[in-house]
Amino acid sequence: MAGIAFKGITKRYPDGTEAVHDVDLDIADGEFLVLVGPSGCGKSTLLRMLAGLEDISDGELCIGDEVVNTKAPKDRHIAMVFQNYALYPHLTVRENMAFPLKLAKVPKDEIDKRVNEAAQTLDLTENLDRKPANLSGGQRQRVAMGRAIVRDPKVFLLDEPLSNLDAKLRVQMRTEVARIQHRLNATTVYVTHDQTEAMTLGDRVAVMRKGVLQQVASPSVLYDSPANLFVAGFIGSPAMNFLPVTVEGGKARLALAEIDLPAEVAAKLGKAGRSLVAGIRPEHFEDAALVAEGDRHKGPTFTAQIDVVESMGSDLFVHFNTEAEGGLGGELESVGREIAPGGGSRSDQSVEIVARLNAASKVERGAEAELWFDAERVLYFDAETGENLTRRPSVEGGGEGGEGRADGGEVAGPSPAGR
Amino acid sequence: MKTQHGSEKVLWGVGSIIVVASALVPFAWIISLSFKPGDELGNGKFLPRSLTLDNYSKVFQNDSFLSALRNSLGIALIATIIGVALGAMAAYAIARLDFPGKTAILVCALAIAMFPPVSIIGSLFNVWRTLHLFDTWPGLIIPYVTFTLPLSIWALSAFFREIPWELEQAAQVDGATPFQAFRKVILPLAAPGLVTAGILAFIFAWNDFLFAISLTSTDRARTVPAALAFFTGNTQFEQPTGAIAAAAVVVTVPIIVLVLVFQRRIVAGLTAGAVKG
């Protein structure tokens with residue numbers, strides 16, 4: 001058991017490109033930290049530096065109280081699950097799981113005991129004498145987990161362990177991973193590009209973009225109070241809607257409606273004097289007819305021409321377009337490209353909005369509908385830098401990490417009244 | 001489409017028969033010769049009228065042939081083991097590491113493999129005599145290793161590149177030193193490649209005539225291909241054809257056995273199931 005400290009960790013390749021730039025991050029003992037970001041953001045490189053499989057160009061890496069920059073992987077007391085599992089194909093499941101113990105010269109009875117225990121936990125007992133080639137994807141994944149847990153490692157590293165499984169199995173194994181981590185109580189670093197995995201598994205989630213750490217916070221803080229446009233757009237599914245907004249005299253003018261800003265927010269945005277982007281989560285929209293009487297004053301209603309209605313059973317996802325004069329600014333364009341390459345129907349004239357409505361809503365495709373949104377939950381971003389201007393100061397330090405996992409539950413937005 | 005497929009098949013069949021026949025008929029003829037009694041040798045018939053094992057017993061009573069067989073086996077085996085061991089380590093480095101001069105090494109290896117041995121044999125003869133390597137086992141093992149090493153390096157580095165790098169990284173994270181990862185994970189997986197390289201090296205050493213005839217002078221280190229050239233008949237008027245044929249069959253058998261035994265290992269795709277799949 002040990003905590004991990006990244007101090008100014010940088011990975012620079014010989015050609016000068018930086019895969020990871022100056023990452024500062026403290027991971028507490030026993031914490032489950034998820035590193036998330038789009039592909040190529042440096043999250044795997046960071047993990048591999050932690051494992052000792054990549055050299056560290058700059059900075060200091062500590063596991064426990066030891067600086068491990070130059071230590072070989074075998075001396076770091078870590079266990080790692082690889083994306084493609086990396087099972088030894090010439091060894092049986094039992095031998096695969098016993099491999100690290102044999103190398104550590106653990107007595108034979110002890111090896112048998114631990115392997116059998118792990119096999120039981122992972123439901124692999126019947127497959128112990130089979131070769132990896134004869135196992136299904138899910139079983140291979142469990143063998144890889146088994147090989148990692150038999151060692152009782154100080155630190156447990158997982159590099160996209162579920163990405164090769166089909167959707168159903170992935171959800172099942174996700175629960176399994178959470179359970180195992182909880183039982184072992186080992187410091188765990190989990191890399192994924194899937195924000196759902198990140199949100200459901202992590203005590204804290206670290207979002208990376210182009211080698212730079214964007215924000216480290218609990219899932220709820222990340223969701224409600226993202227540090228910038230990138231985090232806001234990356235976390236949440238369907239993604240947050242972004243709209244151009246102009247602020248004048250205490251009012252924010254969106255394409256959908258005009259809303260009054262609380263003085264405190266208006267002051268923050270007003271002095272900026274720059275182009276802004278408003279972010280609204282899909283679930284902060286509602287069918288105007290279904291909004292509770294007590295909530296109605298919180299936001300404006302507007303009419304929209306509905307393009308698509310997707311029913312999820314529990315909710316309706318409603319797509320509609322709204323005009324966006326002058327586009328959304330450079331930062332948002334590049335964020336959009338990174339998060340959903342090739343996708344996105346944004347043009348200079350209009351923006352597609354996704355709203356998540358109550359399943360009881362009667363909206364229909366092609367018809368006009370009267371919708372409402374919660375103005376208090378709207379976030380405002382600087383269109384150039386992407387910075388979230390409405391983030392409450394108390395969570396501003398989130399990007400530095402090290403604040404433990406107790407900082408969840410913060411609500412962002414102009415007023416913390418919530419729902 | 002169907003007819004074209006048919007004619008294609010016929011062409012392939014005819015081609016294969018020509019190739020196989022041209023390789024096998026002479027060998028069949030040698031086998032036939034080896035069983036013919038002395039007076040039938042020149043009769044030009046494929047099938048011997050009467051079978052005899054005389055030629056074989058003659059060959060196995062011949063001391064120089066027996067010592068040549070011993071030399072051949074010993075020298076070829078040692079050269080193979082050294083060549084494959086060095087080749088595996090060199091190939092591993094080439095497949096996994098980026099170091100200056102990597103391309104140069106590969107190009108040099110290829111150049112050596114292409115190099116006509118006959119162009120160095122004269123000077124080698126003199127050098128070996130000065131170094132007292134002439135007519136010794138090491139005297140043949142060294143050139144065999146030199147000429148088979150490039151082939152091993154090329155074949156094995158291609159093989160190592162196919163093995164997912166994650167496997168040895170997993171081994172290292174699991175607590176293995178780089179050498180342990182190589183020995184316990186990479187080598188077993190590369191076994192088919194090692195066997196292939198080994199067989200090729202063994203065949204080269206086993207079949208070599210040029211070095212064997214030039215760098216030996218007595219039974220101390222003379223190998224079978226060279227020894228065959230020194231076979232004599234019982235009298236100066238008798239050709240040792242039957243004995244040479246029998247000896248030729250005897251030296252071919254180990255190679256055939258080797259290939260048959262290891263064929264399956266060579267073909268087996270051991271890495272199946274290593275990664276997702």
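Reader: How many of the residues of helix α1 (residues 43-51) of chain A are buried?

Author: In this predicted model, the buried residues of α1(A) run through Lys43(A), Ser44(A), Thr45(A), Leu46(A), Leu47(A), Arg48(A), Met49(A), Leu50(A) and Ala51(A). Just after the helix, Gly52(A) takes a positive phi of about 90°. Helix α1(A) is thus described as mostly covered, and the count of buried residues is nine of its nine.

Reader: Is Ala359(A) buried or exposed, given its C-beta neighbours inside 10 Å?

Author: Ala359(A) sits in the loop between β18 (350-358) and β19 (368-373) of chain A. Leaving aside residues up to four places away in sequence, Ala359(A) touches Gly313(A), Ser314(A), Asp315(A) and Leu316(A), and its C-alpha lies 9.1 Å from that of Phe317(A), a residue 42 positions away in sequence. A residue with 12 or fewer C-beta neighbours within 10 Å falls in the exposed class, and because Ala359(A) has 11 of them, Ala359(A) counts as exposed.

Reader: What percentage of the residues in chain A is buried?

Author: The secondary structure of chain A consists of ten helices and 20 strands. Among its contacts with a separation of 6 or more, 73% are between residues 24 or more positions apart. Of the 419 residues in chain A, the buried share is 47%.

Reader: Which element supplies the largest share of the largest nonpolar core?

Author: The largest nonpolar core holds 175 residues, and the members that touch the most others are Leu35(A), Leu157(A), Ala206(A), Val277(A) and Ala278(A). Although those five belong to chain A, the largest share of this core, eleven residues, comes from a helix of chain B, α3(B).

Reader: How are helix α3 (residues 63-96) and helix α9 (residues 191-207) of chain B oriented to each other?

Author: The two helices pack with their axes 8 Å apart, at an angle of about 140°, and their crossing is right-handed.

Reader: How many charged residues does the contact of α3(B) with α9(B) have?

Author: On the side of α3(B), the residues that meet α9(B) include Ser72(B), Ala76(B), Gly83(B) and Gly87(B), while α9(B) contributes, among others, Leu194(B), Gly198(B), Phe202(B) and Trp206(B). By class, the contact has eleven nonpolar and five polar residues, and the number of charged residues is none.

Reader: Which handedness does the crossing of α3(B) and α6(B) have?

Author: The axes of α3(B) and helix α6 (residues 137-162) of chain B come within 6 Å and cross at roughly 35°. Their contact comprises 21 nonpolar, six polar and two charged residues. The crossing of α3(B) and α6(B) is right-handed.

Reader: What share of the residues of chain B counts as buried?

Author: Chain B has twelve helices and zero strands, and its C-alpha trace spans about 70 × 70 × 30 Å along the principal axes. Of its contacts between residues at least 6 apart in sequence, 76% join residues at least 24 apart. Among the 277 residues of chain B, the buried share is 32%.

Reader: How many nonpolar residues are on the side of chain A that touches chain B?

Author: The contact takes 24 residues from chain A and 22 residues from chain B. On the side of chain A, β6 (78-81) and α2 (93-103) each supply at least two residues. That side includes four polar and two charged residues, and the number of nonpolar residues is 18.

Key: Residues are numbered from 1 along each chain as its sequence is written. Chains are lettered from A and ligands numbered from 1 in the order in which they are written. This is a predicted model: local features need pLDDT of at least 70, side-chain atom pairs count only at pLDDT 80 or more; totals for chains, interfaces and linings use all residues. Two residues are in contact if their C-beta atoms, placed from the backbone, lie within 7 Å. Helices (H or I, at least four residues) and strands (E, at least two) are DSSP runs, numbered from the N terminus. Ala, Val, Leu, Ile, Met, Phe, Trp, Tyr, Cys and Pro count as nonpolar, Asp, Glu, Lys and Arg as charged, and the others, Gly among them, as polar. Axes are lines fitted to C-alpha atoms, for helices over the stretch in contact, and angles run from 0 to 180 degrees between N-to-C directions. A crossing is left-handed if the near helix is turned anticlockwise from the far one by less than a right angle, and right-handed if clockwise. A residue is buried if 20 or more other C-beta atoms lie within 10 Å of its own, exposed if 12 or fewer, and partly exposed in between; C-beta atoms are placed from the backbone. A nonpolar core is a set of buried Ala, Val, Leu, Ile, Met, Phe, Trp, Tyr and Cys residues joined through C-beta atoms within 7 Å.
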